[in-house]
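Morning, everyone. I have one structure to walk through today, and I'll keep it brief. Please have a look at it first.

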Amino acid sequence: MTNLIKLNLARNCLKYIIKAYGIKEIFIPYYICPVIWISARQANCKVKFYHIDKNFMPTKDFPQNSYILYINYYGLCSENCNLLSKKYKNIIIDNSQSFYSKPQGLASFNSLRKFFAVQNGAYLFTNKIVDIPLTPDNLNLQPQIFHKNTEEFIKNELTLNKENSIKTISQTVEKSMDNINFEADINQRLQLYEKYDRIFHKYNKINLKASKSNIPYCYPLNPSTEDLGKSLAEKFILLRLWKDLPKSFCENEYFNSIIALPLNDLQYAQNIINYFK
Ligand SMILES: Cc1ncc(COP(=O)(O)O)c(C=O)c1O
């Protein structure tokens, strides 16, 4: 039976899974937010890195029983998650960018602030529970949107980077989640994605489709022309996911410094769309 455990951060969900299953070694993609592999190491788990191809699939097979972390990139790689879950029994799905995906694999988890205006929080879905004492998260941060208040957003992230302990979700966050209109959020995300795609599809080296089973975190844009990248950067404040992949990596051409066009702020998204249409 899959249990839902509400914790403070996605990275700490991974630590919980490592403890629960006694994982000594895990495969993690190079293309990932570094806090994830840092957390695995903090939990005394050896990290082995793997490459992904331009379809976001691992470039090599893994030994059958290995523990593998796979990311549902931008919330748009559900089909890859399905294929890998069928192939590997010990797959762990990182749905931090895919709040609406169903529990899958050995365990899966998401990250609430990537989708909603909450300070932190994460839902872990796991078949195995471990008996460790957990204190409730009592942080008190004002949720921030990157493009609205970059400095405060970064300050929050730095504060969260110090939250190394697995804690249960803060009560405030839990309450806020009860007041979210998920259907409206899904509709906004799908509609904005489609509008962005009409404009940017022909210049985008990434070609992923949003749908009811792929509710996106952002519109990922890797511009095929330097000019487009420049004019976006001059006019708008936009998150980049993730930077500084070495040039020699196969991921470099497709994934280095992807521009994440936002779907959580209708007005800002509309400004971007109006500027380019
Ligand atoms: C794919 C992915 N997984 C995990 C994390 C970490 O999430 P949290 O900050 O909730 O620990 C991030 C953070 O940016 C992420 O993008």
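Start with a helix pair. Arg11, Leu14, Lys15 and Ile18 of helix 1 meet Val35, Ile36, Ser39, Ala40 and Gln42 of helix 2. Contact here means C-beta atoms, placed from the backbone, within 7 Å. Helices are DSSP runs of H or I, at least four residues, and strands are runs of E, at least two, numbered from the N terminus. By class, the residues of this contact are five nonpolar, two polar and two charged. Nonpolar covers Ala, Val, Leu, Ile, Met, Phe, Trp, Tyr, Cys and Pro; charged covers Asp, Glu, Lys and Arg; the others, Gly among them, are polar.

Two ground rules. This is a predicted model: local features need pLDDT of at least 70, side-chain atom pairs count only at pLDDT 80 or more, and totals for chains, interfaces and linings use all residues. Residues are numbered from 1 along each chain as its sequence is written.

Now the geometry. The axes of helix 1 and helix 2 come within 9 Å and cross at roughly 35°. Those axes are lines fitted to C-alpha atoms over the stretch in contact, with angles from 0 to 180 degrees between N-to-C directions. The crossing is right-handed, that is, the near helix is turned clockwise from the far one by less than a right angle.

Stay on helix 1, residues 10-21. Its twelve residues should span 16 Å at 1.5 Å a residue, and the end C-alpha atoms are 17 Å apart, which agrees. The expected span is 1.5 Å times one less than the number of residues.

How enclosed is helix 1? Largely, because nine of its twelve residues are buried. Buried means 20 or more other C-beta atoms within 10 Å of the residue's own, exposed means 12 or fewer, and partly exposed is in between, with C-beta atoms placed from the backbone. Cys13, Tyr16 and Ile17 are among the buried ones. The cover includes helix 2 (34-42), strand 1 (3-7) and strand 5 (91-94). Just after helix 1, Gly22 takes a positive phi of about 60°.

Next, the domains. Domain 1 is 3-178 and domain 2 is 182-276, with bounds from an automatic or database domain assignment. Their C-alpha centres lie 22 Å apart. Domain 1 gives 21 residues to the contact and domain 2 gives 25.

Last, Asn55. This residue sits in the loop between strand 3 (46-50) and strand 4 (67-71). Asn55 counts as exposed, because it has 11 C-beta neighbours inside 10 Å.

Note on methods: Contact = placed C-beta atoms within 7 Å.
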